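Q: I'm new to this one. Can you walk me through it?

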Amino acid sequence: MRPAVFLLVAVLASLLASRAEADFSALAPCDVMQLSPCASAFAGKGSPTPACCGRLKSHGATCLCRYKDDANLKRLVDTRHKRRVFTACKVPVPSC
């Protein structure tokens, strides 16, 4: 399994495992699975695809900030490659 895909699966499994313990009602309109085309780019395994950029643009800063504040999802969107992905997609990096 590719590392980026493994990371995405691990984050999602962790999220599902902790869902019973946490209130995720604030995340209801935000769906982290929509960012799955970006997994490789966030992991530094290539440039973001057009599908990734489209999803990133439509996702909005609010959702991305919520992910960053969630311990289970932070590893996905708060990587050292984040700025490169956002810049390549011409999406402003959220200031949260």
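A: Helices here are DSSP runs of H or I with at least four residues, numbered from the N terminus. This is a predicted model, where local features need pLDDT of at least 70, side-chain atom pairs count only at pLDDT 80 or more, and totals for chains, interfaces and linings use all residues. Residues are numbered from 1 along each chain as its sequence is written, and side-chain values use heavy atoms, without hydrogens and water.

Q: How many residues does the largest nonpolar core have?
A: That core has 18 residues. A nonpolar core is a set of buried Ala, Val, Leu, Ile, Met, Phe, Trp, Tyr and Cys residues joined through side-chain atoms within 4.5 Å. Leu35, Phe42, Leu56, Leu64, Tyr67, Val85 and Phe86 have the most contacts inside it.

Q: Which elements give two or more residues to this core?
A: They are α2 (39-42), α3 (50-69) and α5 (82-88). The most come from α3, with 6 residues.

Q: Where does α3 bend?
A: At glycine 60, by about 95°. The bend is the angle between axes fitted to the seven residues ending there and the seven starting there.

Q: New topic: is serine 58 buried or exposed?
A: Serine 58, which lies in helix α3, is exposed (over 50%), because its relative accessible area is 60%.

Q: What lies 3.1 Å from a polar atom of its side chain?
A: The backbone oxygen of arginine 55.

Conventions:
Buried means under 20% relative accessible area, exposed over 50%, partly exposed in between (1.4 Å probe, protein chains only). A polar contact is a pair of N or O atoms within 3.5 Å; within protein, one must be able to donate a hydrogen and the other to accept it, and residues adjacent in sequence count only if both atoms are side-chain atoms.
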